[in-house]
Amino acid sequence: MAETTIYDKSSPGRRGVRFPQPDVPLTKLPESLMRKELPLPEVSENEVVRHFTRLSQLNYGVDIGFYPLGSCTMKYNPKVNEAAARLPGFALIHPLQPVDTVQGALHLMYELQEHLKEIGGFAGMTLQPAAGAHGELTGVLIIKKFHEVNGEPQRNKILIPDSAHGTNPATSAMSGFKVVEIPSDGRGNVDLEALRAECDETLAGFMLTNPNTLGLFDENVCDISALVHEAGGLMYGDGANMNALLGIAKPGEFGVDIMHYNLHKTFSTPHGGGGPGSGPVGVCERLVDFLPGPVVVAETIDDGFEMPFYRFDVPKYSIGRMKAFHGHFGMMVRAYAYILAHGAEGLREVSEYAVLNANYLMHKLKGVYKLPYDRVCMHEFVIEGRWSGIEDIHALDISKRLMDYGFHPPTNYFPLIVREALMIEPTETESIETLDAFAEAMLRIAEEAKTNPEILHEAPHNTPIGRLDEVQAAKNLILCCGLPTQYAE
Amino acid sequence: MKVESGLKYTKKDEWVRVEGKTATIGISDFAQEQLSDIVYLEYLVSEGDEVAKGDEIGTIESVKAASEIYSPVSGTVTALNEELLDTPETVNSDPYGAAWMIKLELSDPSEADALMDAAAYEKNVAERDS
């Protein structure tokens, strides 16, 4: 590997910082606490700076280029949100401060709760969950407690479509539920007959992602909700794909009782290493009392001021706290800034352009790549990375080759119901030139698959390191960097 | 893709070999092709356990995906292929032979009759593969 570790750059005696002579008497640490060796790299300040700056330049993110990672909504993160989150009144407060000294922050949280309720059609909202899967856990624990309080603890089964995100069954299993998979029908919708067969007195809930991971809006969503509700179950909505619905459809109005948002997807807060995430959960009227506490409530006090007084409240049947303090507050500030900057019409346009961009790309690719569910898509679509007659070209080869063209690969091998799946989500923030360049690269790769398959098998060629051995990486975990020999004795 | 004759197959791509009252279970060549490089295998049952048709009996993981293995028939577990846990890549190289996973003593030997034979399974895969 061409890149060296910081230890490889170490030279005995070299240092970046020299401490001044202490101006207080020295006290020796007890012998038992003294280490004989401290194997830290010995490097100068500029070596450290160059090393990590160089590594940071090898990174790829939305600020570098197009990132069509399906199901992740890698939209651009507006920099004005960062400025808002860094305002001292938001950045320098402490979660244990008395509420009367942080009324501005509570106002923001309250308003964000209200906006998210309005956008999704919900009666209550918690901002606590740290990310999407944590929001799912919150929602599924609410389902559990709801049935317990209603005297129906025998409801121990959660139904999940075969197109679902893997976190759905994982969350349900972790919460003690039995998971039953429901197949998709030929159009990519939930198979209603299979669903009907599982709607019995043990049904606790159904976890639906709509649009689903094929990028398709389930045309029978109201029938699904009706079946689940008639059987006494609750509808959980996985809000990962909300970027398709803003201002167009409210999940609360098509029968979803509980839904998590991903602020780091739909509402443009940073993803991954730049995160953390944030997964607020909205609920319908009959579940408001089960939300994790505390939630922000507003009290109007007749004291001559117009601003209400905000405080924290714990709902009656609360499932308890899901997160230390109040969740990832900095993300709430960014999402709130995003919502205010767009307004209702702007948010609707976000979804309209997200859907338009996805359909534009889908139509550019669909003659060359197989589109297993050929319908108008929502914010993303799934194609197959394989052709009959061309043996041995896989989705992975296409993904790796895309890196040579300067693009982040799409999600591959998900959803599991599509062979050699390539799941592409362009988001609304990309220009037509970027979409055209990506389509052009995809079409050239399809051509290369026929004429020069080796170039795909050996890709990527233009990256700092080539194809990694994923089998070894999965089977032979080395989680600690080996110390150089001079420290090894 | 190879479909071994003489075995019975499920829609979820397990195979079962019935010899008298003993059933040997594994996953098909098509399944291993779909999963690609297998890196991990775990059994969810132990010797002596009773399993019903459709129960989860194992989990298999590749560089691409993790997948459950379901029992094609009902019976009592008599043997697990422990060696395979250390060399799960054998599932890629010899799915119908050395990569057998679990042996059961059948509670109802006629149960396997309802499963697909090699010809029916080949057709089933071809339909899914189109």
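1. Chain B contains an open sheet of six strands in the order β1-β2-β3-β9-β8-β5, with antiparallel pairing. Its edge strands, β1 and β5 (50–51) of chain B, each pair on one side only. Strands here are DSSP runs of E of at least two residues, and helices are runs of H or I of at least four, both numbered from the N terminus; two strands pair if DSSP finds at least two bridges between them.

2. The model is a predicted one, in which local features need pLDDT of at least 70 and side-chain atom pairs count only at pLDDT 80 or more, while totals for chains, interfaces and linings use all residues. Residues are numbered from 1 along each chain as its sequence is written, and chains are lettered from A and ligands numbered from 1 in the order in which they are written.

3. B:Tyr9 has B:Trp15 of β2(B) as its bridge partner. Four residues separate the strands of this hairpin, and B:Asp13 takes a positive phi near 75°.

4. On to the next pair: β2(B) and β3 (residues 22–27) of chain B, also described as antiparallel, are joined by six bridges. B:Trp15 is partnered there by B:Gly26. This hairpin has two residues between its strands, and B:Gly20 takes a positive phi near 65°.

5. Further along the sheet, five bridges connect the antiparallel strands β8 (residues 75–80) and β9 (residues 102–106) of chain B.

6. The largest nonpolar core has 109 residues, and A:Tyr236, A:Ile258, A:Met332 and A:Ala335 have the most contacts inside it. Helix α9 (residues 329–365) of chain A gives the largest share, 16 residues. Domain 1 (79–340) and domain 2 (345–474) of chain A both contribute residues, so this core lies between them; the domain bounds come from an automatic or database domain assignment. A nonpolar core is a set of buried Ala, Val, Leu, Ile, Met, Phe, Trp, Tyr and Cys residues joined through C-beta atoms within 7 Å.

7. Apart from that core lies another, of 31 residues, including B:Tyr9 and B:Tyr121.

8. A:Leu159 is found in strand β2 (residues 157–161) of chain A. A:Leu159 is buried because 30 other C-beta atoms lie within 10 Å (buried means 20 or more, exposed 12 or fewer, partly exposed in between, with C-beta atoms placed from the backbone).
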